[in-house]
Amino acid sequence: SAALAIDQDSTGDVLTLTTGGNQFFTASYLGLMGIGSNFTPATALQVATSTSTQFATGYDTTNYLSFSTDSAGTTTLDAIGGQYASLAINDPLRIATSSAFALEVRALNSTNVLTVDTANSRIGVNDETPDYTLDITGDARFSSLVDASYLVATSTTATSTFAGGLTVQTEALVVQDDSGYTGFGTSTPSYLVDIDGSLRVGVQGDTTAHLLFADTSTNRIGIA
């Protein structure tokens, strides 16, 4: 049998514990328990206190997970322990929120490193208000294939560098990565510059005049 049994058959608290006149534990007749200073619990277990760590679960007194909620309603989970103390989630993490931003990862200076905008289905890296599905402020590196319908380079000073070959519309422009040959109108250039089609070298600022013209339909070359 139990060493202590309390049978409450009416409304009111079943058990309260106090120290110095301050109530710090409450067990209500509804089966709800509260830990904190002079409050009535609203859930099965509720902890309410202004201390930095309000609830903790852990391996021992030096390795544990700390839970705390501040006056603004921000809840912080902090893995306390050695150098590599961390929070590991073994199953898929699903975040359901009515807020526009479901996830924010912040740096030590409180700026957002990662922002997930669920209202617009966007992810921002170093961008707190992403304008695109993936919006990155800063450098990015891809070690494999990037498949996109088109690319837009907006910098007027940067130089775009391609370490390998380049192909535009199958054979409109081809730069071979091994030989360095460039082909216009051919996918298999055999010379440093290989043109399969007519050629015109124009005069800067003049859309009609040209210095050199090669017409493949008549096999003629014109020099101004």
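Start by selecting Glu104 and Arg106, whose side chains meet in a salt bridge (a side-chain nitrogen of Lys or Arg within 4 Å of a carboxyl oxygen of Asp or Glu), with 3.4 Å from N to O. By this rule the count comes to one salt bridge. Keep in mind that you're looking at a predicted model, where local features need pLDDT of at least 70, side-chain atom pairs count only at pLDDT 80 or more, and totals for chains, interfaces and linings use all residues. Residues are numbered from 1 along each chain as its sequence is written, and side-chain values use heavy atoms, with hydrogens and water left out.

Now colour the pair by accessibility. Glu104 is partly exposed at 36% relative accessibility, while Arg106 is exposed at 53%. Here buried means under 20% relative accessible area, exposed over 50%, and partly exposed in between, using a 1.4 Å probe and protein chains only.

The largest share, six residues, comes from β8. Strands are DSSP runs of E, at least two residues, numbered from the N terminus. A pocket is an open set of points on a 1 Å grid over the protein atoms alone, where a 1.4 Å probe fits, with protein on both sides within 12 Å along at least five of seven lines; lining residues have an atom within 4 Å of a point. The volume of this second pocket is about 400 Å³, counted as the space filled by probe spheres set on the points, which are joined across faces, edges and corners.

Then jump to Ala140, Phe142, Val146, Leu151 and Val152. Of the 23 residues lining the largest pocket, these lie nearest its centre. That pocket has a volume of about 1300 Å³.

For a strand stop, show 55-58 and 64-69: β5 and β6 pair in the antiparallel sense over four bridges (pairing takes at least two DSSP bridges). Pick Phe55 and you'll find its bridge partner, Phe67, in β6. A hairpin of five residues joins β5 to β6.

Last stop: Thr154, in the loop between β11 (134-136) and β12 (166-168). Thr154 counts as exposed, at 70% relative accessibility. Draw a distance from its C-alpha to that of Val168, 14 residues apart along the chain, and you get 19 Å.
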